[in-house]
Amino acid sequence: MAQEHLNDNSLHQGREENSPPVDNQDGSLDNPQSEPGEARPTLFDRMQARQSTLRTSHPADVGSEEVVEETGGKKPARSRDSIMRRRWRKFKSLKRGYYSFILLIVLYVLSFFLPLFVNNMPLMVTYNGETYFPAFADLVGSPYYPWEMFGRTGDESFVNFHELKEQIENDPTSENSILMPLYTWDPLEGDYVEGVPPTKPSSRHVLGTDATGRDVLARILYGFNISISFGLLMTLITFLLGTFFGALMGYFGGKFDLVVQRGIEVWQTLPSLYVIIIVSSIIIPNFLILILLLAAFGWMGMTYFMRGEFYREKAKDYVAAAISLGTKDSTIIFKHILPNSLTPLIATFPFAVVAGITGLVSLDFLGYGLPPPTPSWGEMLNVGLNNFSGNFQNWWLVIVPVTAMFLTLLMVTFIGEAIREAFDPKVFSRLR
Amino acid sequence: MFNYFLRRFLLIIPTFFIATAIVFVILQVTPGGPFEQIMLQAKMQAQGGEGGGGSGNFQESINIPEESVAELKRYFNLDKPIYTRYFIWIGNVLQGDLGKSYKFSEPVVDVIKDRLPISIFFGLTGFILSYLICIPLGVWKAVKHGSAFDITSSALVFMGYSVPGFALGAVLMVTLGSAGYFPLGEFHSLDWDSLSFGEKILDQIHHAVLPVIAYMVGGFATLTILMKNSLMENLGQDYVRTAFAKGLPERRVVFVHAFRNSLIPIVTGLGHFIGLVFAGSFLIEKVFNIDGMGYVGYRAVVERDYTFVMGTLAIGIVILTVGNILSDIFYALVDPRIRFK
């Protein structure tokens, strides 16, 4: 108990030195629709500076050697490592977040192999002595299997493996065999056997079909991979941009800082969704263009964190030492200061992923996101609302994508909360 | 301090010019604007409606006389270079003329006047309700930190954070709306004009419940956690210890000493809220089919109603920047420790 208390407090003390300016105000949740805040950095810088001076005089029972370990610039590598390990241990102890983390990673990795689980192509088919592995081929590329291969000479259209399966199973005498995946629907494949789509959930389509007869479950699952990939990549790009500009602003300060800040203010005033809609109505955006478009309007938040961090770190002795030794600016920025300023990056990462996924869903919902027929949750929700006119009509088309989105974002939020708690040194002592 | 805010207000001017110029250029440079739309229509009519797939070079059309094209270009000022067009627009704006909307064929100001009350209604209701709910909830969670109540309500807060407002709105409409508890969208009933005053109020509330929940859900989580964390942090401060040490009752320490200090970060939201009301949330308005500022603005963008987009943008930028400055002023007012320079 005592040891743990000591550790927490040392984290507390060490972190106050370099806690991000907005962290305090931000609470725990980073609202994706939050309004751009003008001049917040200066405000919070000041407030934080004020508070940290108040706190350093705080008579906390802190093991002093711990403090040296965290803030001392002499052995950054070793101390960083140990504090990271401590944070990781703390993160693991927060079960809700930790299990969400494990589950989400497993699901995300599995989702890259979806063609092996959810596909209208068989895992293995043996026809007239020839053996094919269409699902595996589908995993690595887009294979072509014409009916010619399976007995219909001259028919070059793509084979319907559902039909082929029936054909093979109705003929017990032949030695042909077919092994279908777990769930036999492709996210882009229309099925009209059950009548005019959308059809409600049944044993054939577990979560029903959408307005063009495509299987909802298959689309949700493939959409999961797209959503997570989108969120991760977008966060990575926004963080890279935000860190780069924020670092330069904080390090060089002065006129450069002022000019870039004004630029960011103007950029934030632009109605980002309007601009994205206009741009994506002229060029049909693909996955990467859409990420870049959304990232172009989403990187400013991180500059505030990084700018504050760099302002604070630059005032420290180890930077002064590096400067007086004549170390290059780029080396100081990226090798000396940056490794000491990664905390806000890691602590806000999951919330930025939530914002990224929500952004994609919103754009898809409006019809300006990924081009059809990409399986996307936003597009499915839009189809659902367009086919709804009361009385639970086609309810699954709305409920299913929102539930999928909700569960995914909930997991990411749990991870974010746990990471925040693991990284946040503040020990809230309740009443005395 | 005064100088700081004066400078901030003066900075609105360059921000305004640069931001409007960027959007103006984007709007004018991208194809598909009103000029092209009219040309396309004229071409389609001339071809007798057969040209469905007739995209591409509008100018090539032989059916439209040269001089009418030139006249049309003159009408949209397309015969002048783009910076001249921008200066014409900004000149009109400075004289209080936002122009006439192509889509609604009435002045932009009138369209805004029609829709703004709707957005203000939702924005204000959502804002007041979320502060009324989140602040007590956050305080309660902080005081009861670690209790069963805190943990269950935290779960609710996370759930609220994990679903975008418009998606929740869609689900509520499909479930509660279908079950007949609430109407399926629209601002109020079709027979609104024939209702008595009392019925109008009831009808309005009935229609507003689901959209307001959707409006609130995003900010709800953020605000509650912000309130909780802020109060918790203050409860850990020395002055609280001092207050306890001199024997004050817990109630007084929490609500008089710590609570007032912990409201400081909450106050910032007040200024930003103005911008939020003006913009509306077009996603929620789209889901519920409400003709507020957000949805109208969105459709104007989609249909390239330049004057309307630019008009709302001009007003929006001023409101947003003023809102930001206001929140800083609020900040300085409630926390005298904060100094701007």
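1. A helix here is a DSSP run of H or I with at least four residues, a strand is a run of E with at least two, and both are numbered from the N terminus.

2. Some housekeeping before going on. This is a predicted model, in which local features need pLDDT of at least 70 and side-chain atom pairs count only at pLDDT 80 or more, while totals for chains, interfaces and linings use all residues. Residues are numbered from 1 along each chain as its sequence is written, chains are lettered from A and ligands numbered from 1 in the order in which they are written, and side-chain values use heavy atoms, with hydrogens and water left out.

3. Now the two chains. Chain A has 19 helices and 3 strands, whereas chain B has 15 helices and 0 strands. Buried means under 20% relative accessible area, exposed means over 50%, and partly exposed is in between (1.4 Å probe, protein chains only). By that rule, 56% of the 432 residues in chain A are buried, and 49% of the 341 residues of chain B are.

4. On surface and contacts: accessible areas come from the Shrake-Rupley method with a 1.4 Å probe, and for residues only the protein chains shown count as cover. Chain A exposes about 19,300 Å², with 62% supplied by carbon and sulfur atoms; for chain B the area is about 16,100 Å², with 64% belonging to those atoms. A contact means heavy atoms within 4.5 Å. Taking contacts between residues at least 6 apart in sequence, 68% in chain A join residues at least 24 apart, and in chain B the figure is 74%.

5. Back to helix 5 of chain B, which is worth a look in the viewer. A kink of about 35° lies at Arg115(B), shortly before the proline Pro117(B); the bend at a residue is the angle between axes fitted to the seven residues ending there and the seven starting there. Lys141(B) is found in this helix too. Is Lys141(B) buried or exposed? Lys141(B) counts as buried because its relative accessibility is 0%. Leaving out residues up to four places away in sequence, Lys141(B) touches Phe149(B), Asp150(B), Ser153(B), Ser154(B), Thr224(B) and Lys228(B). Lys141(B) and Ile225(B) are 84 residues apart in sequence, with 8.9 Å between their C-alpha atoms.

6. Which residues of chain A does Leu283(B) touch? They are Ser362(A), Phe365(A) and Leu366(A), and Phe166(B) is also touched, not counting residues up to four places away in sequence. Leu283(B) sits in helix 13 (residues 282-287) of chain B and is buried, with a relative accessible area of 7%.

7. Rings of Phe, Tyr and Trp (its six-membered ring) pair if their centres lie within 6.5 Å; planes under 30 degrees apart are stacked, over 60 edge-to-face, and the rest tilted. Over all chains, the structure holds 43 aromatic pairs. Tyr132(A) and Tyr145(A) form an edge-to-face pair, 6.0 Å centre to centre with 80° between the planes. Tyr132(A) is in strand 2 (residues 130-132) of chain A, and Tyr145(A) is in the loop between helix 8 (134-140) and helix 9 (161-169). Tyr132(A) is buried at 16% relative accessible area, as is Tyr145(A) at 8%.

8. In chain B, Phe24(B) and Tyr86(B) also pair edge-to-face, at 5.4 Å centre to centre and 65° between the planes. Phe24(B) lies in helix 1 (residues 2-29) and Tyr86(B) in helix 4 (residues 82-94), so the pair ties together parts that are 62 residues apart in sequence. Both residues, Phe24(B) and Tyr86(B), are buried.

9. The term applies if NZ of Lys or CZ of Arg is within 6 Å of the ring centre and within 35 degrees of the ring normal. The charged end of Lys314(A) sits over the ring of Tyr251(A), 4.9 Å from its centre. Arg299(B) lies over the face of Tyr295(B), at 4.9 Å from the ring centre.
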